[in-house]
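Here is a friendly walk through one model, from its pocket to its sheet and on to a few single residues. Keep the viewer open as you read.

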Amino acid sequence: MLSIVVNGSSRVCTDQATVADLIRELALEGKRVAVERNGEIVPKSRLADTPLANGDRIEVVRAVGGG
């Protein structure tokens with residue numbers, strides 16, 4: 001199991017988890033989100049190819065529309 005921090009909160013993930021898996025677990029799949037991993041933006045096209053590692057710090061920001 002991996003220990004990561006998501007938006008300031010500790011979280012445990014499986015060893016083979018990717019950023020896309022995390023987005024799915026957070027119920028944000030299909031939503032407009034921006035993801036930063038250890039201070040670097042993860043392009044949407046790379047979410048499924050970016051593995052999570054022990055100690056990763058992930059920030060997820062969801063775009064909200066309105067006026």
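How do the residues of the lining of the largest pocket divide into nonpolar, polar and charged? They come to 5 nonpolar, 1 polar and 5 charged. Here Ala, Val, Leu, Ile, Met, Phe, Trp, Tyr, Cys and Pro count as nonpolar, Asp, Glu, Lys and Arg as charged, and the others, Gly among them, as polar.

## Ground rules

This is a predicted model, in which local features need pLDDT of at least 70 and side-chain atom pairs count only at pLDDT 80 or more, while totals for chains, interfaces and linings use all residues. Residues are numbered from 1 along each chain as its sequence is written, and side-chain values use heavy atoms, with hydrogens and water left out.

## The largest pocket

Rolling a probe the size of a water molecule over the atoms shows where empty space is left. A pocket is found on a 1 Å grid over the protein atoms alone, as an open set of points where a 1.4 Å probe fits, with protein on both sides within 12 Å along at least five of seven lines; its lining residues have an atom within 4 Å of a point. The largest pocket holds about 210 Å³ of space, where grid points are joined across faces, edges and corners and the volume is the space filled by probe spheres set on the points.

Its lining is made up of Ala 20, Ile 23, Arg 24, Leu 28, Glu 29, Gly 30, Lys 31, Arg 32, Val 33, Lys 44 and Leu 47. Helix H1 (residues 19–25) gives the most to this lining, with 3 residues. Helices (H or I, at least four residues) and strands (E, at least two) are DSSP runs, numbered from the N terminus.

## The sheet

Strands of a sheet pair through backbone hydrogen bonds, either parallel or antiparallel. In this model, 5 strands form an open sheet in the order S2-S1-S5-S3-S4, with mixed pairing. S2 (9–13) and S4 are at the edges with a single partner strand each, so one side of each has no neighbour in the sheet. From one strand to the next, the twist averages 35°; axes are lines fitted to C-alpha atoms, for helices over the stretch in contact, and angles run from 0 to 180 degrees between N-to-C directions.

Two strands pair if DSSP finds at least two bridges between them. S1 (residues 2–6) and S2 run antiparallel, joined by 5 bridges, and Val 6 stands opposite Ser 9 in S2. S1 also pairs with S5 (residues 57–62), in the parallel sense over 2 bridges; on that side Val 6 is opposite Ile 58. S3 and S5 are antiparallel with 5 bridges, and Val 33 faces Arg 62 in S5. Finally, 3 bridges join the antiparallel S3 and S4, with Ile 41 in S4 as the bridge partner of Glu 36.

Most residues other than glycine have a negative phi. Which way does phi go at Asn 7? Phi of Asn 7 is positive, near 50°. Asn 7 lies in the loop between S1 and S2 and is partly exposed because its relative accessibility is 41%. The cut-offs are under 20% relative accessible area for buried, over 50% for exposed, and in between for partly exposed (1.4 Å probe, protein chains only).

Asn 38 also has a positive phi near 50°, in the hairpin of S3 and S4, which has 2 residues between the strands. At 41% relative accessibility, Asn 38 is partly exposed.

Is Val 42 buried or exposed? Val 42 is buried because its relative accessibility is 9%, and its place is in strand S4 (residues 40–42). Leaving aside neighbours within four places in sequence, Val 42 is in contact (heavy atoms within 4.5 Å) with Val 35, Arg 37, Leu 47 and Thr 50. Val 42 and Ile 58 are 16 residues apart in sequence and 9.9 Å apart in space, C-alpha to C-alpha.

Ala 53 sits in the loop between S4 and S5 and is partly exposed, at 30% relative accessibility. Not counting residues up to four places away in sequence, Ala 53 touches Leu 2, Ser 3, Ile 4 and Arg 37. Ala 27 is found in the loop between H1 and S3 (33–37), and with a relative accessible area of 59% Ala 27 is exposed.
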